[in-house]
Amino acid sequence: MTTESPDNPPSSHGVGHIVPIKTLVATGLALLVFTLITVWAAKIDLGDLNIWIALAIAALKATLVVLFFMHLRYDRPFNGIIFVTSLAFVALFISFALTDTKEYAPDVDTGNAPRVVEALDELQQ
Amino acid sequence: MTTNEVTTPIESEPARETNYLNATTGIMSWLGTLDHKRIGVMYLVSVLMSFFVAGLFAMVIRIELMWPGETIIDQDTYNQMFTLHGAIMVFLVLIPSVPASLGNFVLPIMLGAKDVAFPRLNLFSYYLWVTGAVMAVAAILFGGVDTGWTFYVPYSTTGVDDRGAMDGVFFLTMAVFVLGFSSIFTGLNFIVTIHRLRPPGMTWFKMPLFLWAIYATGILQVMATPVIGITVLLLAVERTVGIGIFDPSLGGDPILFQHFFWFYSHPAVYIMILPPMGIISELISVHSHKHIFGYRFIAFSSVAIAIFSFLVWGHHMFVSSQSPLLNVVFSAITFSVAIPSAVKVFNWLATLYKGSISLNTPMLYALSFIFLFTIAGLTGLPLAVIATDIHLHDTYFVVAHFHYTMMGGALTGMLGGIHHWWPKITGRMYSEVWGRIACGLVFVGFNVTFFTQFVLGSLGMPRRYHDYSGPGWAQETTDLFHSLHFVSTMGSFIMALGFFLTAGYLIHSLFRGRRAPANPWGGRSLEWQCPSPPPVYNFAEPPHVGDCYDFSVLEWDEQEQGYHWRRDLAHDAGEA
Amino acid sequence: MSHADAHPDFLRHHFHTPKQQFEAGKLGMWLFLATEVLLFGGLFCGYAVWRGNHPEMFKYGSQFLETKWGAINTAVLITSSLTMAAAVTAAQRDNRRALVTLLSLTLAGALVFLGIKYIEYSHKFHEGWFPGMKFYEKPDLQHAKTWDHSKPIIGNEPFTAAAGATGQASQSAAPTRGGPEAEPSTVALAAIGPAGLRPGALEPPQPAHDDHAEAHTTHPLQDPQRPRNAHMFFNIYFMMTGLHGLHVLGGVLLLSWLIIGAVKGRFSAQYFTPVDLGGLYWHVVDLIWIFLFPLFYLI
Ligand code: HEM
Ligand SMILES: [Cu+2]
């Protein structure tokens, strides 16, 4: 029988891992503290850096939620793989779409994309 | 674990035992059923009905194009016809086709489970499908849709009615949203079933390849479909309220819409083709009575296709003003998708080699799948080359390409699967003679219809035009296109004849067909170990799992007209 | 055979053991959460694209949101996530009273969140900020429908904030190109598309109630600082927080159902799957907000 095979002997107890309340409260407090930090950090003007700091803190908070509140730390790794995969696909989507729009946006913004200029000239004759 | 008797092929069958079909009766016992087999059958019937409706639209399109000029419908009606044809075929027929109907029916049995992991969710998916279908009908009643199945902005943000209206486009986009969730829940259910409901002994590499294909499809359904959900949601809000994320007249970005749309819709074409590929792996092996060649390659190529297919969506956008940088990247990755597809084709051919091939109807469909899908894949390559795609994009070449994949591939595979499992599902044999004739008609009709369209497209016939004459068209061009379109339409008549014939003998078999033995073709996977039709919970005891492509343990029984376990072997012989 | 005996009520017939059923449910839920991530992922993509290309419109738009409310809501959601997680622990320890209390606290958190969102939204609607209307007038689509070649309606004229403020742009029915160069930070209307502005489009709509002493006294359409297409910020804001709000609403229903079940004593240390799965859903709602908060309020 492989490890993947689900048919382990039945046990009336012990499905799922019990996370002690203490751990949960500590996690919750950490999350609140990070919220304060991120609000405070946003007040300092660091230019482009601000958004990355905010995102980093959010990612940290998200990790805490996932690992402790959502029990992923104690769960089957496959559930974690699913979650990370979904994030990877979002990252893939965003990075391709952003790369593309970054390339063509300048043309659109100034309203002077070569083809449009041509078309307008034609229209104005 | 005890080693009780294996559910062997039944020796003879005096009166029909209780099975999933006759265990309970009445319409409510079907509408409220949690049995995956009944849900599968309901899907099958519904999907085939939608196929019929969308097929009628297709015939209208073909007849309109038979002669230059306005033949039977004006251009607005024409636009609605191809939109509805495309949208229904894609969202109501091909996406749910194989997984939700045949997959639902055979997956738990092949796996040796009693049901899918979440039977109620399964039924819920079906009713989501029904809701989606009703909304699609509402779309027709509320003025129709003429955007094409791709809903490109700004067609879909301007158009038949003014913004704010709850019109056809609104209903159809919401239908796609609902159908998307139907598909998501199906995929989710199957993934969990395969992970958690495998009985002891059914390891990953003992699973029939159809299950690998369904598993890979599940990944696509779960990971890609939500994006079309949010896309059509944004579109609906855009159309009703006028937020301007995609709509250029509100400052939005229509190219971004295409990114959103194809992020789902390219993987979606693999949602359509992967399960039929899985069917073909079964059919080729069973009907040539030979062990599948390259099991692991086929299994992993399904997963590889699933993952690769997320990386190529931009090949639909080469001429959309997508940036040259991404054009090149997407073009390059697109070529790599052809590799796992080719791996499958070569392994199927190697399986056929020196097999003892029975040219049954399912096998004929399998062979025509291989032939048609090869053409489909090869014609995808010129479309993936940017330089040639600039010429071919939005011509009939593309139309021909995707009909070779979706009809020649996905639908042919599904028809093969329907014929293969028909005895198991209904407990009746259909007429083999008529089956072969119909398969031949469909094959010939299909090629006449769509090969002609490759020619049309490379000569420059644009897609989605209702007419190819008048000012701007040279007379020779019109004449040439006329003759080609005429041939194409003739082919579609042949094909339609084949489908009507198929419907005829299948329905006939329900009443007059010979009773099916448990194992008419000599299959080794678990569904052939339980009677035809299977009992309600499939297996009284967890069945025995062996190598599902080892056919040496089966022998033909003339009296039973089916295969059963070799009598000179103990039941566990041949078990790996 | 083990599956015939010890088949408790909650164990559905096609599972062999409670553990198998539990893990199937959990796997299913995680897959569902992945779809939620991707559903919102599309919106995050929209956000990234618009913000990546036009940071100025986000800088400008976010000053109309109140950080105070966003921060309070973040704290509320985090706390309710904590009580939810604790509720799962209570269920696993067979502590029914704690379970009911903790679930009720979680529900209260959800309701407070929605209440605050209601205050924020109604404030915005009241001032007419509904998806960016105050920042943008819809062009005359009637005009756009009939493509008249004598009157070009391609609005690619880079239209500056100054022109918008005085309403001059609305006079020119036929935009011409070669207008003043757009400042690097301003965003022109899309280059192609029926973007002709109807006359009077740029006159500010009258606010419904003027008795509100507001921080921003000038109307955004007259604000010379207003970047082009600032309405896009609000479109994305309303879509993302709106969809998130719908999920919170879903959470309210789910939590109410769980509370009823808990009061009826349906859950135990052997069977707490619904509580666990409901918790997972609720945490993801929290997760998404954790990202929405800095992305909209803290710019
Ligand atoms: C060998 C692999 C394949 C390659 C290289 C390929 C390549 C392409 C390319 C480049 C296009 C865009 C053509 C254009 O619009 O100018 C396209 C269109 C399309 N392909 Fe494929 N393809 C492949 C397999 C498939 C499969 C397996 C399916 C479906 C089952 C499929 C369905 C479609 C559809 C539906 C379209 C057109 C969508 C539309 O514009 O309405 N393709 N293909
Ligand atoms: Cu594609």
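Select chain C, which has 8 helices and 0 strands; helices (H or I, at least four residues) and strands (E, at least two) are DSSP runs, numbered from the N terminus. From the N terminus on, its elements run α-α-α-α-α-α-α-α. This is a predicted model, in which local features need pLDDT of at least 70 and side-chain atom pairs count only at pLDDT 80 or more, while totals for chains, interfaces and linings use all residues; side-chain values use heavy atoms, without hydrogens and water. Residues are numbered from 1 along each chain as its sequence is written, with chains lettered from A and ligands numbered from 1 in the order in which they are written.

Colour chain C by accessibility. Of its 299 residues, 60% are buried, that is, under 20% relative accessible area (1.4 Å probe, protein chains only). Chain C exposes about 11500 Å², and 60% of that area comes from carbon and sulfur atoms; the areas follow the Shrake-Rupley method with a 1.4 Å probe.

Next, select ligand 2, the copper ion. Its donors are His266(B) (ND1), His315(B) (NE2) and His316(B) (NE2), at 1.9 to 2.0 Å; donors are N, O and S atoms within 2.8 Å of the metal (3.2 Å for Na, K and Ca), and water is not among the atoms, so sites may look incomplete. His266(B) lies in helix H7 of chain B and His315(B) in the loop between helix H8 (295-308) and helix H9 (324-352) of chain B, so this pair ties together parts 49 residues apart in sequence. His266(B) is buried, with a relative accessible area of 6%, and His315(B) is buried as well, at 16%.

From the copper ion (ligand 2), move to the iron atom of ligand 1, 4.5 Å away. The only protein donor of this iron atom is His401(B) (NE2), at 2.2 Å. His401(B) belongs to helix H12 (residues 396-426) of chain B.

Now display the residues around ligand 1, taking those with a heavy atom within 4 Å of it. There are 21, of which Trp149(B), Asp389(B), His393(B), His401(B) and Arg463(B) come nearest. For polar contacts, look for pairs of N or O atoms within 3.5 Å. A polar side-chain atom of His393(B) lies 2.6 Å from an oxygen atom of ligand 1. An N or O atom in the side chain of Arg463(B) is 2.9 Å from an oxygen atom of ligand 1. Helix H7 (254-287), helix H10 (361-384) and H12 of chain B are the elements that give two or more residues to this shell.

Definitions and conventions
Polar contact = N/O pair within 3.5 Å; in protein donor to acceptor, adjacent residues only side chain to side chain. Buried < 20%, exposed > 50% of the residue type's maximum accessible area, 1.4 Å probe, protein only.
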